[in-house]
Amino acid sequence: MYIDTHCHLQFSHYDADRPMVLGNAKKAGVKKIIVPGVDMRSNTDAIHLAALHPNEIYASIGLHPYEAQKIKPDAARDELETLLAASRDAIVAIGECGLDYHIYKDEDATSKKRVQKELFTAQLTLAASHHLPIIIHVRDAYEDFFNTFDKITDKPTGVIHCFSGGLQEARMAKERKLFIGVDGNITYSKTLQRIVSDIPLSQILLETDAPYLTPIPHRGERNEPKYIPLTAACIAELLHTTPKAVMTQTTENAKQLFQMI
């Protein structure tokens with residue numbers, strides 16, 4: 001059994017054929033899917049999907065860093081707390097949340113970055129208080145990410161989704177007992193391949209980030225959970241092991257992190 005630990009199946013990209021996408025995932029051996037929210041609407045939609053497909057789809061609720069300009073940290077925490085109170089059984093994590101400075105490349109953006117860090121901190125503390133893991137989005141912000149994470153006294157476990165750091169960042173993640181999410185871009189990014197080849201399998205989770213990051217040979221198409229085996233096969237080649245070994249270990253990693261049966 002494979003587990004797709006990051007798939008935006010609630011997005012409108014799947015409105016026309018979501019049942020078929022789920023059926024194709026099962027045929028490919030992807031038996032469980034974690035659906036993270038990025039804003040309040042997608043959080044609610046993720047919970048709804050999890051309720052429709054118990055023991056198959058699991059929700060994660062959070063606010064993407066791009067939401068930081070739209071909602072105050074206290075209000076964000078209150079809204080997420082409300083969802084947790086109403087639907088705790090369907091929710092296995094907090095996120096996707098974190099820091100993303102990519103859009104600020106041509107500006108100082110000190111205040112905007114501070115607001116992102118405040119929203120991220122609120123979700124880190126929320127995850128810890130509910131003993132939930134956290135799904136972390138980091139892009140062009142690894143130094144601030146680790147600094148922000150390290151300031152939390154009661155740190156949650158979690159995964160750095162769609163890892164884009166280097167070997168040093170991977171080691172720093174391991175020191176903090178964070179997993180590394182590997183997506184379909186491993187099939188075409190030579191830089192990522194060099195990095196993942198040095199990451200232990202015990203630290204890796206499989207993701208699609210669907211509908212994005214479709215692996216070769218389907219690059220350019222909409223991504224789906226059924227393509228998880230392609231990512232697993234690429235990882236197996238890089239780590240000089242078998243796809244079955246990748247499937248077995250990453251499934252155990254996911255079960256451990258998200259407390260799945």
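The largest pocket holds about 520 Å³ of space in this predicted model. A pocket here is an open set of points on a 1 Å grid over the protein atoms alone, where a 1.4 Å probe fits, with protein on both sides within 12 Å along at least five of seven lines; lining residues have an atom within 4 Å of a point. The volume is the space filled by probe spheres set on the points, which are joined across faces, edges and corners. Among the 24 lining residues, H137, R139, C162, D209 and L213 are the closest to the centre of this pocket. Two elements, β5 (134-139) and α7 (190-196), each give two or more residues to the lining (helices are DSSP runs of H or I, at least four residues, and strands of E, at least two, numbered from the N terminus).

M40, N43, T44 and I47 of α2 meet E79, L80, L83 and S87 of α3, contact meaning heavy atoms within 4.5 Å.

Residues are numbered from 1 along each chain as its sequence is written, and side-chain values use heavy atoms, leaving out hydrogens and water. Local features need pLDDT of at least 70 and side-chain atom pairs count only at pLDDT 80 or more, while totals for chains, interfaces and linings use all residues.
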